[in-house]
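Hello,

Here is the structure we talked about handing over. Please open it first, then read my notes below.

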Amino acid sequence: INQFVGPVEKFFSEEVDSKKIDQDAKIPPETLKGLKNLGLFGMQIPEEYGGLGLSNTMYARLGEIISLDGSVAVTLAAHQAIGLKGILIAGTDEQKAKYLPKLASGEHIAAFCLTEPGSGSDAASIQTRATMSEDGKSFLLNGSKIWISNGGLADIFTVFARTEIVDNDGAKKDKITAFIVERAFGGVTNGKPEDKLGIRGSNTCEVHFENTKVPVENVIGEVGGGFKVAMNILNSGRFSMGSASAGMIKKLIEMTAEYACTRKQFNKKLSDFGLIQEKFTLMAVKAYVMESMAYLTAGMMDRPGVPDCSVEAAMVKVFSSEGAWICVSEALQVLGGLGYMKDYPYERYLRDSRVLLIFEASMNTLLTYCKSELLHLPSILEHRLLLFGHTV
């Protein structure tokens, strides 16, 4: 990973024009090509399928660098942390062999299709429907998804839809099923890219499915087991927000400190004022805690088996997204009018960081989840102690 950090840092400092990406609301093809050549579309895909096979800890480390451009970070995360994650954690060997190599190389880009006009954090309320064909060999998929990152770029979609299943008692019920859907199946269209406040270069749009024929072998997990798949995907991706936020804040501290050490007011450098020093203290502490939480959680996730770190991942997301917003706001106070001008990158950091409070479940949803889980604190602590090999 240390050998890999250098080339990625060099690419982001020399080849990624964040100002142009933000202004044009598009990542240039040559930048995407460079990301693919570096292997960044296959960071966590096993080497046997053409990926880099990075651990969660290594993925978090690269996330610190990739977060220097919000649009690129979201494009890669939407592809990897959620778009193809279902295939990675719940797919069959056949599904992995068929889809992962092209996803690892970036020849195919992935998207995660859960949110709908009438459902967001309440994933169980989706209305997109998949109906089994008479011969039992495929499903017909109909419905629309909104705010889909990579929706206009993707070749492969992880789609969640209602399916009718028959319970053991013979009763028919609607349950959610996860599907791997290829754009090439037909009936897949997307709207124009959304004009967003921040992360403007990432592609976000509506995706529509009209009588899209999906083979039964493209079900991820079991028919009716899609809700669990969705939650596992989202839980496994949240931890990386900690290192990404920390990487962004550390860069912001560096740039803001350079200004504070040269700008003079009342015959003193800004950096000599106690109130300014307090702002840097706050930013440094927040970045340190973000890193600590993210890497502790990543280390837990890298342990043998499939440890349940959903509470920790939710905590990382809550603390880091709130902390990033506070830090950027404090930095703008130090920068004054300079931080408000489009000619400088600081205001873009503010706009880009705001989405962290919304991404992958709203703050209210996650706080409610954390509080409900912590009612079971003794059993959670017991589980964590066992995870680290301690006797209870």
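**What I found**

Over residues 5-107 the chain is 68% helix and 0% strand. In UniProt, an unreviewed entry lists residues 5-107 as "domain: Acyl-CoA dehydrogenase/oxidase N-terminal". Bear in mind throughout that this is a predicted model.

The record names another region. Residues 224-360 are listed by UniProt, again in an unreviewed entry, as "domain: Acyl-CoA dehydrogenase/oxidase C-terminal". Here the chain is 70% helix and 3% strand. The end C-alpha atoms of residues 224-360 are 22 Å apart.

**The whole chain**

The protein has 14 helices and 10 strands. Along the principal axes, the C-alpha atoms fill a box of roughly 80 × 55 × 40 Å.

How much of the protein is buried? Buried residues make up 50% of the 392. Contacts tell us about the fold too. Take those in the protein with a separation of 6 or more: 73% of them join residues 24 or more positions apart.

Now the surface. The accessible area of the protein is about 18600 Å². Carbon and sulfur atoms account for 55% of that surface.

On charge, there are 41 positive and 46 negative side chains. The centres of these two sets lie 4 Å apart.

**Two residues to look at**

Most residues other than glycine have a negative phi.

The phi of N211 is near 50°, and N211 is not a glycine. N211 sits in strand β7, which covers residues 204-215. Is N211 buried, partly exposed or exposed? N211 has a relative accessible area of 47%, so it counts as partly exposed, the class between 20% and 50%.

F266 is also not a glycine, and its phi is positive at about 55°. Where is F266 found? F266 lies in the loop between β9 (264-265) and β10 (268-269). F266 has a relative accessibility of 72%, and exposed means over 50%, so F266 counts as exposed.

When you go through the model, please look at N211 in strand β7 and at F266 in the loop between β9 and β10.

Best wishes

Conventions. Residues numbered from 1 in each chain as written. Heavy atoms only, no water. Helix = DSSP H or I, 4+ residues; strand = E, 2+ residues; numbered from the N terminus. Buried < 20%, exposed > 50% of the residue type's maximum accessible area, 1.4 Å probe, protein only. Contact = heavy atoms within 4.5 Å. Areas by Shrake-Rupley, 256 points an atom, 1.4 Å probe, with all protein chains shown as cover. Lys, Arg positive; Asp, Glu negative; His and termini not counted. Charge placed at Lys NZ, Arg CZ, Asp CG, Glu CD. UniProt positions renumbered as here; feature names shortened; annotations may be inferred.
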